[in-house]
Amino acid sequence: FDGFLDACPAQDFILTNHKIGSPDRALSLCGCLAREMPTQGITQEGLDLLAQYYRDEISDADVDAQDANVLTFHDKASEACLSQFPAK
């Protein structure tokens with residue numbers, strides 16, 4: 001989880017999301033994602049792939065090539081987490 005939690009809050013697509021918009025809210029979302037993704041079916045290997053993706057080391061096509069479900073599980077976790085966020 002450390003690699004993911006280090007990389008996640010720094011991503012522009014996290015920070016610029018209309019429900020996020022600040023570093024503290026980005027960290028909160030990333031913590032939620034780290035908790036939620038395993039319930040969606042992401043394994044440790046999938047979480048490691050996402051950490052690489054969030055660090056811009058690999059593309060989404062690379063993630064899909066290694067595990068076609070990771071981004072789908074990530075998107076479901078994102079929806080679940082964002083739906084819990086209060087308005088800014």
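Where is the place of Asp56? Hi everyone, let's start there. Asp56 sits in the loop between α4 (44–54) and α5 (60–66). A word on those labels: helices are DSSP runs of H or I with at least four residues, strands are runs of E with at least two, and both are numbered from the N terminus.

Before going on, please keep in mind that this is a predicted model, where local features need pLDDT of at least 70, side-chain atom pairs count only at pLDDT 80 or more, and totals for chains, interfaces and linings use all residues. Residues are numbered from 1 along each chain as its sequence is written, and side-chain values use heavy atoms, leaving out hydrogens and water.

Just after α4, Asp56 takes a positive phi of about 60°, and Asp56 is a residue other than glycine. Is Asp56 buried or exposed? Asp56 counts as exposed because its relative accessibility is 61%. Here, exposed means over 50% relative accessible area, buried means under 20%, and partly exposed is in between, using a 1.4 Å probe and protein chains only.

Now step back into α4 itself. Gly46, Leu47, Leu49, Leu50, Ala51 and Tyr54 are buried there. What covers them includes α1 (2–7), along with α2 (12–15), α3, α5 and α6.

That brings us to the core. A nonpolar core is a set of buried Ala, Val, Leu, Ile, Met, Phe, Trp, Tyr and Cys residues joined through side-chain atoms within 4.5 Å. The largest one has 27 residues, and Phe4, Ile14, Leu29, Leu33, Met37, Leu50 and Tyr54 touch the most other members. At least two residues each come from α1, α3 (23–40), α4 and α6 (70–84), with α3 giving the largest share, 7 residues. As background, nonpolar side chains tend to be buried together in soluble globular proteins.

Let's look at Phe4. Phe4 counts as buried because its relative accessibility is 1%. Leaving aside residues up to four places away in sequence, the contacts of Phe4 (heavy atoms within 4.5 Å) include Pro9, Cys30, Leu47 and Tyr54.

Which residue forms an aromatic pair with Phe4 that is edge-to-face? The partner is Tyr54, at 5.0 Å centre to centre with 65° between the planes. Rings of Phe, Tyr and Trp (its six-membered ring) pair if their centres lie within 6.5 Å; planes under 30 degrees apart are stacked, over 60 edge-to-face, and the rest tilted. Phe4 is in helix α1 and Tyr54 in helix α4, 50 residues apart. Finally, ring pairs link Phe4, Phe13, Tyr53 and Tyr54 into a cluster.
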